[in-house]
Amino acid sequence: MDKFIIDGGEKLYGKITAQSAKNTVLPLLAAAVLTDEQVKIRGVPTINDVENMLHILREVGCRIERQKDVAVIDSSNAVSHEIPARLTKELRSSVFMLGSVLTRFHRAKISYPGGCDIGLRPIDLHLSGLKRLGVKIVEKDGYIDCLAEKLTGAEILLDFPSVGATENIILAAVKADGVTVIRNAAKEPEIVDLQNFLNAMGANVRGAGGGTIVVEGVKRLHGVDYQPIGDRIEAGTYLIATASCGGEIEINGVPSENIAALLHKLRENGCKIRAKNDRIVLSSDGRLQSVDLLETMPFPGFPTDMQAQYSALCCTAAGTTLVVENLFETRYRYAAELKRMGADITVRGRTALIRGVEALHGACVTASDLRGGAALVVAALKAEGQSTVLDLSHIDRGYADFEEKLRKLGAKIRRVRV
Ligand code: UD1
């Protein structure tokens, strides 16, 4: 498997344009089967999660044309309601296919989804929401078999504002008979983008970005040509790397309100940040103060997907940070690897106590999930000496051209293909 060799200690300077958000592109691809007209999605990043989702679409019978970063999906000949285990185990977002395939075929059979090993990640909220819309569900031999002769609008109250459950219910409700109201819905910007995409196809969805989403079922959806929003987690990773190493970075393509929680913390750390429209400029001298507490929350709180990278920054900030991970149970697997680089981290359950050290040193470390892997890169860019980051398959799930973009900023990083 590929590895990165990183010589740490360089400051980072330059400009980055964010890729289209992974967590938008995945549900949008799933939504492409809602119409038999062509769906064109622009700025599609070349990352493993997207490639896996495209495989799944091909498996159900879609024709896909890919020209550079534009994907054109034609599902007019889609025939299958069944998504095999070998594809779903690679990708948790395969679960979004439930809602859209049900809408298309009134039946969907899918094996339990995979994805990053960061916690239990149940899908009970997805399934109970679908049941409210009239779906009959049989779980057997690792498969979930859903049948809905008719999808009917309903009132759904989510116990927790799950991103995936909110999206799945929207996808199942969009052509249902009547009105669906989702309360305690997730408020993430990616949900707003899904709403905009569906409405551009002729759907009637409103309220995304707030806690109540109303979906009025429509008879028909048509094709669309769409540019998704920029990836706030990718952008945040480059901001954190620059804050930690020192330097100046300009990020384009992500409105600052989409990463306000991160910008707030980085300002507290001592970074200077200017933000206007979808342009963010951060400068840092690389000597940061720690913040007392970092707690992950659903949007607009601090995103769990930036916890690991931010914790890497805390390792060399002056002082102590208490990190509390509220979303996923086992999201500290990177901590043992950071310790190899000299970090002082104590993990107990959902909390990590990080005492800032003078410097990290290079080491050979292994990525075990997507954002944890990015955290190791952030730490290695700051560390004294050379580091090796093994098992890039995780990082390649979410960051397009990661090393090229970092090299353009002045980092000494290269990929060794194994
Ligand atoms: C999405 C994102 C992921 C991000 C997460 C939280 C995508 C493709 N992935 O994942 O990058 O880390 O939001 O912002 O968009 N839960 C249940 N039952 C369910 C569903 C969720 O208990 O049926 C729990 C989960 O275990 C977790 C919490 O709800 O503790 C949040 O999960 P959720 O918002 O559903 O995350 P995902 O949609 O899987």
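The structure is a predicted model, in which local features need pLDDT of at least 70 and side-chain atom pairs count only at pLDDT 80 or more, whereas totals for chains, interfaces and linings use all residues. Residues are numbered from 1 along each chain as its sequence is written, and side-chain values use heavy atoms, with hydrogens and water left out.

Of the area that domain 1 buries against domain 2, 33% is supplied by F299, F328 and R397, more than by any other three residues.

Polar links were also counted between domain 1 and domain 2. There are two salt bridges between the domains, a salt bridge being a side-chain nitrogen of Lys or Arg within 4 Å of a carboxyl oxygen of Asp or Glu. Five residue pairs, with both residues at pLDDT 80 or more, are in polar contact between the domains; a polar contact is a pair of N or O atoms within 3.5 Å, where within protein one must be able to donate a hydrogen and the other to accept it, and where residues adjacent in sequence count only if both atoms are side-chain atoms.

E325 is placed in the loop between β19 (320–324) and α11 (333–340), the helices (H or I, at least four residues) and strands (E, at least two) being DSSP runs numbered from the N terminus. E325 is buried yet has no salt bridge, and the nearest side chain of opposite charge, R331, is 5.1 Å away; Lys and Arg count as positive and Asp and Glu as negative, while His and the chain ends are not counted. The side chain of E325 does, however, reach the backbone nitrogen of L327 at 2.9 Å.

D145, in strand β9 (residues 143–147), has a relative accessible area of 18% and is therefore buried, a term that means under 20% relative accessible area (1.4 Å probe, protein chains only). The side chain of D145 makes a polar contact of 2.6 Å with the side chain of R107.

Key:
Buried < 20%, exposed > 50% of the residue type's maximum accessible area, 1.4 Å probe, protein only. Buried area = accessible area lost by both parts, 1.4 Å probe.
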